[in-house]
Each structure stands twice: as C-alpha cells, then as structure tokens.
Amino acid sequence: MSEITISNLLDMYGIENCRTKLIKSVKAGEYAYTLYINLNRKDTISFKENFSNPQADGPSIFINSFPMVQVNETKITETDNEIAITFNNKLVSENILFFKDNSDFEKYLTIFFSCIKIEDLFSKETKIIYKIYSQEKINFSSSIFSDKDSEQLEIYSIFKNERLYKDQKIIGVIETVPEKFRFEKQKEIIEGFLSIISDRTINKGTKSECEYVISLGKRSYITGDKIIKSIEVIDALIEIENFIFLSSEKYYDRLNIFRNIFSDKIENKVEINAETLKEMLDDAKLHYNLFIGDKIKHFVLEKQKVTEDYLKLSGEIVKRINAVTEELPKQLLTIIGVIITTFFLKGLDQSSKIWIIPLLALIYLLAIIIFKSQRGWFSESKNVEMQKELMDESYKELYTLDDKFINKLNTKYIQPKLKDLKRMEKLSLTISSILLIAILAWFLWA
C-alpha cells in the first residue's frame, strides 16, 4: 500500500485528473489542503481497498461526500466518483510542504502572511521547505522559504531578541516575503512596515482606518494608503529596514533618526513615493553618521578622562607602597636607637640595664603594633580597592565605555601594583611579628 501523500497521489492519478482547494483550518497556525480526484467505479473500489487503513494522524478521506469508512459499493457510482483527501498541516512546518501548482502555493502564502507573527518563528532555525509538483515552477524562495533542504532561516536578530516586535505580522519584515509575491501584497507589506517602525498603532475599527503614529513627540500620523504603491516603493522599504535593523547595535538610534525625518515629511504633507523614501534613507544615513561622529568625540574624551583617573590611582598606589616600604626601616632604626642609646641609663646599675632595654623596646614595638592593628595592617590596599570600586560604579553611570577597555586599564595599571602593595603590607606584618617575638624572648631571658 502506498503512503498517502500529495506527491504520491499526483504521481498515481496524474495532475490533469486532480483539482485542489486550499482553505484555512479551524485551528490557529494550521491550514487544510484538499485534493479532489475523479475516478470510475473500478478505480474507486481499488482506491478504497488500497487506502482502507489510513494512519490516525493522516489525511481525512471522503468518497462522494461520505467518510471512506462508511462507504460501501452501493455508494460508489458506475461512472464518476469524487474522492476528497484533506491534509492538515502547520503554517510554520518542520516538514516539507507540498503543493500541486504555483497557484496553490500562492494561496498558502496569502494565509501564511495574514496569520503568522514574528514570534511564531522564534523557535524556527531552518527555512520552511516547499515543493511544487507542476513543471512550470516559480522561485518563491525568500529569507524564510526555500525549495532546498537545510537552509538557515534569515531574520533580523533584533526581532528575535527584542520582545517588543513579537506581535508584529511577519509580512512587515519584507525580505521574508518571496519576491514573486510582493507585487500583489503591496498594501499588506506597507502596513506591516508602518506597524514595525511606528511608535504606536491606532486601530479605529477596520483595517483600512488603521493609523500609525510615527513619532509621539511630533504627533505625526499616517495611514497605509498615503504611501504610493509600486514595486520600487517596496524595494526602498527593504533598504530602509536593512539600514535600521540589519545590525542590532544602536538600532534604536537609527530608528529614531528615521522616525524624525519621516515625521517632518508627514507634517509638510510631502507625497510618500519611492523617490521620497530614498531621500529619507539618505538623510537618515547622513544624520546617523553625524550622530556617530559626535558620539565618537564624546567617547574619546571619556576614554581620556578615565585613563587619567586610572593612571592617577596607579600613582597613588606607588606612593603608598613607598610609604609602607620606608616605614618599616624607620621603625627598626628607632628600635635600634632605643637599644643602643643608653645615655639616660648611665645612672642605672648593670643588672637593671639588662632587662630595662628590652622592656623599652618591647613597649615601643607593642605600641606600634596596637596602632597598626587598630588601623588595619591592610588598610592601604583596602582603601585603594574601595576607591577603585567607587570609580567603576561612577563610570558605569557617567560614561559609555565598554567593559573591555575598563578591564584592560585595571589589568595593566591597577592589579599588578595593588598586589605589590598587599605584599609589602604582609611583609610589614610578618617582620613586626618576628621582632615582637625576638624582643619578647630577649626580655624574658633578661
């Protein structure tokens, strides 16, 4: 028994003996495609015997308007019998979509672009594959359709990442519409484009009365019928979408620049045709380049300011390292001076000198350690870290620099010297501890 597919049935009974009907299914996101075959009594009985046990999820089959399971030989006429096989499929399908001819596929496209929203393609990675049985094939490929296997679906990344556009109809993303289908769908394409680039849409009850608020600030409104329809206009709209959405970086700046230019045209009651749209695109590109140039100037100034701050902090760390490095020898010198200098001990006897000298040294060193402990042995490095943390938090709010640049400054100028500072602080603590133990031992011995 052959598999019940459109391709197999057309192969078996011939395209000239079959007619089709494409209708919307009751379920959302699905369509029904019915193939009608006219057969004589003998071939009808043969068909019923061959396909008497269809799969549960397969097509529904009717013979002379009766479900096939209810059909007996009395319901099969001697001459002409109509067999209707209805295939249900998803509009966005992972399987190959098969159609009898170009006209049927165009009917499918009409249903597809009137129903499918951008969010319906969020989980789709490859293009929707279609096959047309008739010999007179037309290329209906686009950024989301292909007659070849395993081609990557192409849609502006911003539409998948930005939930703001999920409810927009996919027909507004013009490159998704097959080129051969664009001319007859100009009205829907223009309205879809306006819906995507507008600040807000006002629906007054019917589709023809839908208004698009291009700029809330200027309160400029337009309807789809205000744009002159032509294939050149559609081409211009594609170029505008590419300019705005092809790169997700700073796309909102490009969108706002175009909105402002578009609003000026609306307020001045300029006719919106292909030439006007190309002029708007050129103006938007020019304004965006000036905008980026101004941003670059600010970026350079910000970068210079941040670099100077990091270099200044790096210099402060060096000063603190020097302070910690010089402090310990001074302390040692003072202790040695206390031990060696005995001018104030000349009046003491020899036995008193033995224990009073280490006692004075011990008292002096303990005082230093107490003060250092109260302040914190690692207070210098902690202060630097707090200062750097405050700088980083401030820069995120004030500047537009990327994290990569900040991390580079931190790695090159701050972290190495901060490690040196911590190492000197640790050394100071270690030597002070050793001296304390040594002098304490001396005192106990004396």
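Helix α2 packs, through its buried residues, against α1 (6–13), β2 (30–39), β3 (60–63) and β5 (81–90). Contact here is heavy atoms within 4.5 Å; buried is under 20% relative accessible area and exposed over 50%, with a 1.4 Å probe and protein chains only. Helices (H or I, at least four residues) and strands (E, at least two) are DSSP runs, numbered from the N terminus.

This is a predicted model: local features need pLDDT of at least 70, side-chain atom pairs pLDDT 80 or more, while totals for chains, interfaces and linings use all residues. Residues are numbered from 1 along each chain as its sequence is written, and side-chain values use heavy atoms, without hydrogens and water.

Which residues of α2 are buried? R41, T44 and F47, in a helix spanning residues 41–50. They sit on the same side of α2, because their arc around the axis is only 120 degrees, taken from the directions from the helix axis to the C-beta atoms. On the other side, K42 and E49 are exposed. N40 caps the N-terminal end: a side-chain oxygen of N40 lies 3.2 Å from the backbone nitrogen of K42.

Now the second largest pocket. About 610 Å³ of space lies in it. There are 27 lining residues, and Q168, K169, E191, S195 and Y212 are the closest to the centre. Two or more lining residues come from each of α3 (102–115), α6 (186–197), β9 (200–202) and α8 (251–267). α6 gives the most, five residues.

On terms: a pocket is an open set of points on a 1 Å grid over the protein atoms alone, where a 1.4 Å probe fits, with protein on both sides within 12 Å along at least five of seven lines; lining residues have an atom within 4 Å of a point.

Terms used. Grid points are joined across faces, edges and corners, and a volume is the space filled by probe spheres set on the points. A polar contact is a pair of N or O atoms within 3.5 Å; within protein, one must be able to donate a hydrogen and the other to accept it, and residues adjacent in sequence count only if both atoms are side-chain atoms.
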